[in-house]
Amino acid sequence: MRVAQETVVKPASALRGALRVPGDKSISHRYALLAALADGESTIVNYATGADCASTLACLAALGITVTRRPESHPGGTTLRVRGQGLRGLSSPAGPLDCGNSGTTFRLLAGVVAAHSFASTLVGDASLSRRPMRRVITPLAQMGAGIEAAPGDRAPLTIRGGELAGISFSPDVPSAQVKGAVLLAGLQARGRTTITEPGPSRDHTERALGAFGAEVAIVDRQVAVEGGQRLTAKTLHVPGDISSAAFLLAAAVGLAGSCVTVHDVGLNPSRTHLLDMLRRWGARIDVDLRDERDGEPSGAVTACARPLGSLEITPDEVPNVIDELPVLAALATFVGELRVTGAGELRVKESDRITALVTGLRAMGAHAEELADGFHVRGGRRLAGGCVDARHDHRLAMAFAVAALGASAPTRIDGADAVAVSYPTFFEDLERLRA
Ligand code: S3P
């Protein structure tokens, strides 16, 4: 099936087979940025193929970093060579740094350029320009960067960087992007930078810093880095993105007679809560942990269909599965029931994922209810299909596609081309798994 502006997804009887998914988006951004700050040339194998990670590379190129692509031995992936310029070694960009749709590019890059003695302006698309940036402005300004934002503390941000001083910072929300921005600035600052999070968030920045040879002190929710540690260029392997695999695994759980295996997928414990939740819901999930390269565990995950009961995701669990909530909602339309609260952060993702998700699922015939900070979906009634609007949000497009598999008639998804942001071959892979 060709991915166009709108895509039609037909119902499926079952999904079966094994595949790999593109490299992990969160890990790819961090490896590219740290490779740029390292001394010497790094090689990144299986760099994520989506538009978000391409935005990070385009920004690095504008900051004077040479990136070359090698033909890939890894199926479908890309191998990059990144010539690092050392800490605070980027050059002043000639124009704005375009982060596209990518919140991770924007926030992590803000931390990187804040330590450089030049001005840069970070811009993004319409969706990114609506997202809150106060969360990175506050700590980076405390460290000594001069930052001007558009009204409401949104993009574009103009950052006048320079010599930063380490800080102790406690963000209001758990966020790996904020933690990452502060650690990347802290690595290039004078003294020690400590960040204490109110809840857990993915720990890829910490692991990636370790892979490049930096020491990071971690005690419970507190992470500290000493400024000025030189990074050593490396060859790194990016495992498959479990947040992309989530769509196919969830579909396999929901469609009777299905069994899907995803190979070489990242199994970092800060990202695998989805698998625990699927099990708690009643699913059969088998994990075969095979490797731990560069501090990131990986292996194969198999999901097979099972009838589901009710699942409640509580506010303290939300940060662990924030990117998977749309597909869990889609799965709940097949059978069972899902209630999520404390997920207000979903409203400031690539779209307002609470309103857009509930509106879309209802348009397909689901029992779905919007809550102030979450949603409630009850399954058991076959969806009718129809038309839904993914609002240019990649995870919504894929979640609606999963829901569409269980419908009685085809579903047209408007804005489905947004899958290019994280999983360009999603629709092709879905087609291959149809039994
Ligand atoms: C990400 C962190 C999360 C997540 C996003 C990727 C990262 O965002 O939703 O898709 O790579 O650091 P927050 O840091 O805003 O929670």
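## Thr194 and its surroundings

Two residues are in contact when heavy atoms of each lie within 4.5 Å. In this predicted model, Thr194 touches Ile167, Ser168, Phe169, Gln222, Val223 and Ala224, leaving aside residues up to four places away in sequence.

Thr194 belongs to strand S11, which covers residues 192–196. The relative accessible area of Thr194 is 12%. Buried means under 20%, so Thr194 counts as buried.

## Helices H11 and H12

Helix H11 spans residues 394–405 and helix H12 spans residues 426–433. Their axes come within 11 Å and cross at roughly 20°. Angles under 35 degrees count as roughly parallel, and therefore H11 is roughly parallel to H12. The crossing of the two helices is right-handed.

On the H11 side, the contact is made by Met398, Ala401 and Leu405. On the H12 side, Phe426, Phe427 and Leu430 take part. Sorted by type, the residues of this contact between H11 and H12 are six nonpolar, no polar and no charged.

## The two domains

The domain assignment of the protein gives domain 1 as 6–22 + 239–432 and domain 2 as 25–223.

Taken over C-alpha atoms, the centres of domain 1 and domain 2 are separated by 28 Å. Where the domains meet, 29 residues of domain 1 are in contact with 25 residues of domain 2.

Conventions: Residues numbered from 1 in each chain as written. Predicted model: local features only at pLDDT ≥ 70, side-chain atom pairs only at ≥ 80, totals over all residues. Heavy atoms only, no water. Helix = DSSP H or I, 4+ residues; strand = E, 2+ residues; numbered from the N terminus. Buried < 20%, exposed > 50% of the residue type's maximum accessible area, 1.4 Å probe, protein only. Axes fitted to C-alpha atoms, helices over the stretch in contact; angles between N-to-C directions. Parallel < 35°, antiparallel > 145°, perpendicular 65-115°, else oblique. Left-handed = near helix turned anticlockwise from the far one by under 90°. Nonpolar A, V, L, I, M, F, W, Y, C, P; charged D, E, K, R; others polar. Domains from an automatic or database assignment.
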